[in-house]
Amino acid sequence: MPRESIALHADDISAFAKSLRQQLAEHLSQSEDPREPPSHLSLLNMLARAAGHRNLQALRAGVVSTAAASALPSKLTMHNAPPARGPRHPELSELADRALRQFDAQGRLMRWPSRHQVQRYAIWGLWLHFDSRRVYTEAEVNEVLKAQHGFGDHCTLRRELVNMKLLARSDGGREYRKLAARPADDLLPLLRELRSRSLQPA
């Protein structure tokens, strides 16, 4: 059976090492046998969290999403993909600016950020496209998300909206409602910019 290759990127190697050390220390303090090392899967999850992901599954989803985006035709990808570099948006915090760079000129999320914190900022941009006055079926939620992202992973986006309590899921997953939520102050300029972009012609 071939091994799975998953790229792991750390923006700050010092912070990565500190997080991994802390997780290992917590594992040893909670283990019945302090000499017993973490399991293979536990260690993989520790590595993913140290790099800013929620767990290994979230890291894998980000890699799959990036691969799916890179498989798009080159002309379409170059037209829609947000710039990798450029001047920072003057109104945005560093995290909000990083999130904005994942969206195209029409406000569509074109790639899934590698950092968990930036993922959470990006999810707020998708929350904008739901109407708090109506009830959605799962198929309708999927339809909204497919229209608002470009890397083919609406399931991850739907799950994150629910996990962040931006959408409520009920009746065994048959009904979804947009929840009233109060964005942090540094999210407000990001949401204004994304709302403005969504009004631009394609």
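**View 1. Helix α7 crosses helix α8.** α7 passes α8 in a right-handed crossing. (A crossing is right-handed if the near helix is turned clockwise from the far one by less than a right angle, and left-handed if anticlockwise.) This is a predicted model: local features need pLDDT of at least 70, side-chain atom pairs count only at pLDDT 80 or more, and totals for chains, interfaces and linings use all residues. Residues are numbered from 1 along each chain as its sequence is written, and side-chain values use heavy atoms, with hydrogens and water left out. α7 spans residues 138-147, and its axis lies 9 Å from that of α8. The two pack at an angle of about 110°. (Axes are lines fitted to C-alpha atoms, for helices over the stretch in contact; angles run from 0 to 180 degrees between N-to-C directions.) α7 and α8 are therefore roughly perpendicular. (That label covers 65 to 115 degrees; under 35 is roughly parallel, over 145 roughly antiparallel, and the rest oblique.)

**View 2. The residues between α7 and α8.** From α7 come E138, V141, N142, L145 and K146; they meet H154, L157, R158 and L161 of α8. (Contact means heavy atoms within 4.5 Å.) By class, this contact has four nonpolar, two polar and three charged residues. (Ala, Val, Leu, Ile, Met, Phe, Trp, Tyr, Cys and Pro count as nonpolar; Asp, Glu, Lys and Arg as charged; the others, Gly among them, as polar.) α8 covers residues 154-163, and its buried residues are H154, T156, L157, R158, E160 and L161. (Buried means under 20% relative accessible area, exposed over 50%, partly exposed in between, with a 1.4 Å probe and protein chains only.)

**View 3. A tilted ring pair.** A search of the whole structure finds three aromatic pairs. In one of them, the ring centres of W112 and F151 are 6.4 Å apart and the planes meet at 40°, so the pair is tilted. (Rings of Phe, Tyr and Trp, the last by its six-membered ring, pair if their centres lie within 6.5 Å; planes under 30 degrees apart are stacked, over 60 edge-to-face, the rest tilted.) W112 sits in the loop between α5 and α6, F151 in the loop between α7 and α8. The pair links distant parts of the chain, 39 residues apart. Both W112 and F151 are buried.

View 4. W124 is buried at 11% relative accessible area. W127 is buried too, at 9%.

**View 5. Two positive phi values.** K165 counts as exposed, at 61% relative accessibility. D171 is not a glycine either, and its phi is positive, about 55°. The place of D171 is the loop between β2 and β3. At 41% relative accessibility, D171 counts as partly exposed.

**View 6. The whole chain.** The chain has nine helices and three strands. (Both are DSSP runs numbered from the N terminus: helices are H or I with at least four residues, strands E with at least two.) Their order from the N terminus is α-α-α-α-α-α-β-α-α-β-β-α. Of the 202 residues, 38% are buried. Among contacts between residues at least 6 apart in sequence, 58% join residues at least 24 apart.
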